[in-house]
Amino acid sequence: MLQKIYIIGHKSPDLDSVAAAVSYADFKNKQENTDAYVPATTEDINQVTKFVLDKFNFQAPEILKDAENKKIILVDHNEFSQTLEGVDKAEIVEILDHHKLNFKYDQPIVVNIKPWGATCSILAQMYFDNNIDIDKNLAGLMLSAILDDTLITKSPTCTGKDKELIEKLARPTDVSDWQAYGFEMFKIKSSVKDFTDLEIIKNDFKDFDFKAGKFGIGQVETVDLSEFDAREQDLLEAMRKMQSQENYHSIILFLTDIINEGSRFLVISNNAEKVGEALGQKLENNKTYIPGIMSRKKQVVPLIAKVFDK
Ligand SMILES: [Mn+2]
């Protein structure tokens, strides 16, 4: 029997991670005329991912907790700090991603990284380049992931290529106004009223192993920042607890207002003053607001890494 090859995104899976796994499995299976490629996620999918999979008639991928002895393709990430358990005992066959490369391996493998706004943008272009048919549901799925990762094109990570692909993918779908559809998605993302503090922090959270120590950087994208005002103290408390229990140098949570294009930062750190300096701001009571900051990978991580990873 053919050995399965699992295609899987990062921990705390976001829509792009899940949609990329689903789409790339479809692409590979079609291209190689097989069914060996299986999309997977590390854990339960988030609410907006559920909404999108439902809307375009896809099943949630199977959950894969341990990669040991499995063949794996990593999508939408490449850092071991962000991947599933057992990857050190797995056979990684390929990487498809749009983040900075921080990957070492003892074998030559296929690595495809482009500095575009979403992994699904790279994938959509691969379908077009290889003349592989994209049905309207798959177009809708990839479109949604690009809109999500680029904050409806407002993020500094969004490139001309992403915009071109958004237009192209929207055409065959029933989405007549992609901007309005994008806001509908972000309203679902923003509705975190029923979440615990820890669920909010961990909803879109990534670990980074910097020279100064372990950093956890979480982001919440919202259309209504004021919804969080009353919870900031509780969020900081939960972050403080998490920092001591899980040995973080720093935990940074930033709440991005996609309407006004800026982010509210909450910081718990062994050296909060220095985190503030790295961000170019003075923190007051572990908090600050920075206009224009919307992207973890293009803005926050480089600023923090410059100070704490040298
Ligand atoms: Mn992504």
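This section describes the domains, sheets and helix packing of a predicted model.

Domain 1 supplies 15 residues to the contact, and domain 2 supplies 17 residues. On the side of domain 1 that touches domain 2, four residues are nonpolar, seven are polar and four are charged.

Strand E2 (residues 37–41) pairs with E3 through two bridges, in the parallel sense. Alanine 40 has glutamate 62 of E3 as its bridge partner.

The axes of helix H2 (residues 47–55) and helix H6 (residues 178–190) come within 8 Å. They cross at roughly 140°. H2 and H6 are therefore oblique to each other, because only angles over 145 degrees count as roughly antiparallel. On H2, the contact is made by Gln47, Val48 and Phe51. On H6, Met185, Ile188 and Lys189 take part. Of the residues in this contact, four are nonpolar, one is polar and one is charged.

A further open sheet has five strands, in the order E7-E8-E9-E10-E11. Its pairing is mixed. Strand E7 (205–210) and strand E11 (287–291) form the edges. Each pairs with a single strand, so one side of each is left without a neighbour in the sheet. On average, and with direction ignored, neighbouring strands of this sheet are turned by 20° against each other. Strand E8 (residues 213–222) and strand E9 (residues 250–257) pair in the parallel sense, over eight bridges. Threonine 222 is bridged to aspartate 257 in E9.

Two helices pack on this sheet. Helix H9 (residues 272–279) touches E9, strand E10 (262–269) and E11. The direction of H9 makes about 155° with that of E10. Helix H10 (residues 296–308) touches E7, E8 and E9. The direction of H10 makes about 155° with that of E8.

Methods
Residues are numbered from 1 along each chain as its sequence is written. This is a predicted model: local features need pLDDT of at least 70, side-chain atom pairs count only at pLDDT 80 or more; totals for chains, interfaces and linings use all residues. Axes are lines fitted to C-alpha atoms, for helices over the stretch in contact, and angles run from 0 to 180 degrees between N-to-C directions. Helices (H or I, at least four residues) and strands (E, at least two) are DSSP runs, numbered from the N terminus. Angles under 35 degrees count as roughly parallel, over 145 as roughly antiparallel, 65 to 115 as roughly perpendicular and the rest as oblique. Two residues are in contact if their C-beta atoms, placed from the backbone, lie within 7 Å. Ala, Val, Leu, Ile, Met, Phe, Trp, Tyr, Cys and Pro count as nonpolar, Asp, Glu, Lys and Arg as charged, and the others, Gly among them, as polar. Two strands pair if DSSP finds at least two bridges between them.
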